[in-house]
Amino acid sequence: MPTTHQVLVNHEGQYALYPATREAPDGWAPADFTGSEDECAAFVDAHWPDIRPLSLRGA
């Protein structure tokens, strides 16, 4: 059975995939998207085109 994942985001605007059954670790918040690993990866690709941390994007 495939694992359901959730997409997390941190204060720097960086995204991560995490098992949906686990609570987000400190410093990370749910991005309100869950699905298969492939679906979550597609969500991240669509919402995080510039992978640099927020603090470096405006520099």
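Which strand is Leu 17 found in? Leu 17 sits in strand E2, residues 15–19. Thanks for coming, everyone. Please keep in mind that what you see above is a predicted model.

Let's start with the sheet. There are three strands, arranged in the order E2-E1-E3, and this open sheet has antiparallel pairing. E2 and strand E3, which covers 28–35, are at the edges with a single partner strand each, so one side of each has no neighbour in the sheet. On average, neighbouring strands are turned by 35° against each other, ignoring direction. Helix H1 packs on this sheet and touches E1, E2 and E3, and its direction makes about 120° with that of E3.

Now the pair E1 and E2. They run antiparallel and are joined by five bridges. Together they form a hairpin with four residues between the strands. If you look into the turn, you'll find Gly 13 with a positive phi of about 75°. Along the pair, His 5 has Pro 19 as its bridge partner in E2, and Gln 6 stands opposite Tyr 18.

Let me stay with Gln 6 for a moment. Gln 6 belongs to strand E1, residues 5–10. Is Gln 6 buried or exposed? Its relative accessible area is 9%, and because the cut-off for buried is under 20%, Gln 6 counts as buried. What does its side chain reach? The answer is the backbone oxygen of Pro 19, at 3.3 Å.

At 33% relative accessibility, Leu 17 counts as partly exposed. Not counting residues up to four places away in sequence, Leu 17 touches His 5, Gln 6, Val 7, Glu 37, Cys 40, Ala 41 and Val 44. Take Ala 41 from that list: Leu 17 and Ala 41 are 24 residues apart along the chain, yet their C-alpha atoms are separated by 7.5 Å.

Last stop, the core. The largest nonpolar core has six residues: Val 7, Ala 31, Cys 40, Phe 43, Val 44 and Trp 48. Which helix gives the most to this core? That is H1, residues 37–47, with three residues. As for Val 44, with neighbours within four places in sequence set aside, it is in contact with Val 7, Tyr 15 and Leu 17.

That's my tour, and I'm happy to go back to any part.

Terms used. Residues are numbered from 1 along each chain as its sequence is written. This is a predicted model: local features need pLDDT of at least 70, side-chain atom pairs count only at pLDDT 80 or more; totals for chains, interfaces and linings use all residues. Side-chain values use heavy atoms; hydrogens and water are left out. A nonpolar core is a set of buried Ala, Val, Leu, Ile, Met, Phe, Trp, Tyr and Cys residues joined through side-chain atoms within 4.5 Å. Buried means under 20% relative accessible area, exposed over 50%, partly exposed in between (1.4 Å probe, protein chains only). Helices (H or I, at least four residues) and strands (E, at least two) are DSSP runs, numbered from the N terminus. Contact means heavy atoms within 4.5 Å. A polar contact is a pair of N or O atoms within 3.5 Å; within protein, one must be able to donate a hydrogen and the other to accept it, and residues adjacent in sequence count only if both atoms are side-chain atoms. Two strands pair if DSSP finds at least two bridges between them. Axes are lines fitted to C-alpha atoms, for helices over the stretch in contact, and angles run from 0 to 180 degrees between N-to-C directions.
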